[in-house]
Amino acid sequence: MNPAKPGETPRTPWIVGVSGASGTPYAAAVLRALLTAGESVDLVVSRASRLTLLDETGISFRDGHWQDDLREWLSRGADGKPDSYTVDLTGVRYWSAGDLAAGPSSGSYRTKGMLIVPASTASVAGVALGLSKDLLQRAASVTLKEGRPLVVAVRETPLGGQTLRHLVTLDDAGAAVVPTSPAFYAGATHIQDLVDFVAGRVLDAAGVTHTLYRRWHGELGGGSGTD
């Protein structure tokens, strides 16, 4: 359960699962946008994603120092420059990926839903097959069985037949499959713009309000930067 003091609204977070696929800037953009929107976040970082994070950013994500490491990660833009963003981690709760007794492992634990970003083909397969080998997969399975929103931001190319079948299984189960494919009509001029477009589409699928990209309004030339 998510206990609340008398008179307080119970904390109902979004679970964000970060798998080992390339694309840690996508996860950072989603996390920043959720916190900016005033949402609470339960964060699960898989073991494999720590290697990817280290490779892509040079940051070692440690359970015992997760707040410092997360703050350093989220403060960086997609170009790797430090101190590009200021973040408030008050709304974040961290769960170790190996903790299968964690709150998100139970359907009685209240959440708004779950976002897996980026989602590796291994995590896609694990959730589609109901393996629950770690907390990320278990929390996703719980999200589906409870009928809560599950958004899977798959990061792989090309997609093989087996992964496509797993994605269809997730779609049939009610998940939203969001390929990490940026569009260019929003007038991207920087790598962060492309990352934010994907992060915005992930949040759109979850129904979370944001201002990460310029939306299409039916007028040609909107992405040229001349309007």
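These are my notebook entries on one predicted model.

**Entry: helix α1**

I began with α1, which runs over residues 24–36. This helix has 13 residues. From its first C-alpha to its last I read 18 Å, close to the 18 Å expected at 1.5 Å a residue.

Is α1 mostly covered or mostly open? It is mostly covered, with eleven of its 13 residues buried. Among the buried ones are T24, Y26, V30, L31 and R32.

**Entry: L43**

Next I looked up L43, in strand β2 (residues 41–45). Why does L43 count as buried? Its relative accessibility is 0%, and the buried class takes in everything under 20%.

I then listed its contacts, leaving aside neighbours within four places in sequence. L43 touches V16, V18, L31, F61, L70, V92, R93, Y94 and W95. L31 is also one of the buried residues of α1.

S75 sits in the loop between α3 (66–74) and β3 (92–96). Is S75 buried or exposed? S75 is buried, because its relative accessible area is 9%. Beyond its neighbours within four places in sequence, S75 is in contact with K81, P82, D83, S84 and Y85.

I moved on to R76. This residue forms a salt bridge with E72, and the closest N and O atoms are 2.9 Å apart. R76 is buried at 18% relative accessible area, while E72 is partly exposed at 35%.

How many salt bridges does a search of the whole structure find? The search finds nine.

One of them joins the side chains of K112 and E39, at 2.7 Å from N to O. This pair links distant parts of the chain, 73 residues apart. K112 is in the loop between β3 and β4 (113–119), and E39 is in the loop between α1 and β2. K112 counts as partly exposed, at 35% relative accessibility. E39 is buried, at 17%.

I also noted K145 and E146, whose side chains meet at 2.7 Å, N to O. K145 is exposed, with a relative accessible area of 53%. E146 counts as partly exposed, at 34%.

Which residues are linked in a network of salt bridges? They are R201, D204 and R215.

**Entry: the largest pocket**

Last, I went looking for open space. Rolling a probe the size of a water molecule over the atoms shows where empty space is left.

The largest pocket holds about 340 Å³. Its lining has 20 residues, and R32, A33, L35, T36 and A37 lie nearest its centre. Which helix gives the most to this lining? That is α1, with five residues. Helix α7 (191–206) supplies at least two. By class I counted seven nonpolar, nine polar and four charged residues in the lining.

**Entry: the second largest pocket**

The second largest pocket has a volume of about 210 Å³. Of its 14 lining residues, S46, A48, K133, D134 and Q137 are closest to the centre. Helices α2 (47–57), α4 (121–129) and α5 (135–145) each supply at least two lining residues. The classes here are five nonpolar, six polar and three charged.

How values were computed:
Residues numbered from 1 in each chain as written. Predicted model: local features only at pLDDT ≥ 70, side-chain atom pairs only at ≥ 80, totals over all residues. Heavy atoms only, no water. Helix = DSSP H or I, 4+ residues; strand = E, 2+ residues; numbered from the N terminus. Buried < 20%, exposed > 50% of the residue type's maximum accessible area, 1.4 Å probe, protein only. Contact = heavy atoms within 4.5 Å. Expected span 1.5 Å × (residues − 1). 1 Å grid on protein atoms, 1.4 Å probe; cavity = no way out; pocket = protein on both sides within 12 Å on 5 of 7 lines; lining within 4 Å. Points joined across faces, edges and corners; volume = space filled by probe spheres on them. Nonpolar A, V, L, I, M, F, W, Y, C, P; charged D, E, K, R; others polar. Salt bridge = Lys/Arg side-chain N within 4 Å of Asp/Glu carboxyl O.
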